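Work through these exercises with the structure open. Each task is followed by its solution.

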Amino acid sequence: DYLHLTVTRGGVRADSTLLLCDPPLGHARAAEACAQLAAVEGDISRLPQKKDMFCPMIYAPVVVHARGRWGGHPVEYTQTFSSGCVMAARTGSVFSLDD
């Protein structure tokens, strides 16, 4: 299972990495990200939203993209979030590439 992850802020590619999950490698929170993905069978859109996280209403768009394979199936995910805080609340550790 692997995903190539990209986070773009303000139209400029900020971060990009390859997340590997057997063993977890790719960024500082790879083990946590792999566990979160395993819980939803690699479907990023099904990651549970963090209920205890409050984000300021500051518009600073972040676009995330994931492409790879999970459980032998192709994964393609692109989403725009209103801020990095909202992205973290919706995607957990998966796109935490700058930690």
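**Exercise 1.** Which residues are exposed on the other side of helix 1?

This is a predicted model: local features need pLDDT of at least 70, side-chain atom pairs count only at pLDDT 80 or more, and totals for chains, interfaces and linings use all residues. Residues are numbered from 1 along each chain as its sequence is written, and side-chain values use heavy atoms, leaving out hydrogens and water.

*Solution.* Start with the terms. Helices (H or I, at least four residues) are DSSP runs, numbered from the N terminus. Buried means under 20% relative accessible area, exposed over 50%, and partly exposed in between (1.4 Å probe, protein chains only). Helix 1 covers residues 30-39, and its buried residues are Ala30, Ala33, Cys34 and Leu37. Seen down the helix axis, these buried residues fall within an arc of 100°, so they line one face of helix 1. That arc is taken from the directions from the helix axis to the C-beta atoms. On the other side, Ala31 and Ala39 are exposed.

**Exercise 2.** Find the residue with a positive phi just after helix 1.

*Solution.* Step past the end of helix 1. Glu41 has a positive phi of about 55°.

**Exercise 3.** How many salt bridges does the structure hold?

*Solution.* Apply the cut-off: a side-chain nitrogen of Lys or Arg within 4 Å of a carboxyl oxygen of Asp or Glu. The structure holds 2 salt bridges. Arg29 pairs with Glu32 at 3.2 Å, N to O. Arg29 is partly exposed, at 24% relative accessibility. Glu32 is also partly exposed, at 37%. Arg67 pairs with Glu76 at 2.8 Å, N to O. Arg67 is partly exposed, at 48%.

How values were computed:
Helices (H or I, at least four residues) and strands (E, at least two) are DSSP runs, numbered from the N terminus.
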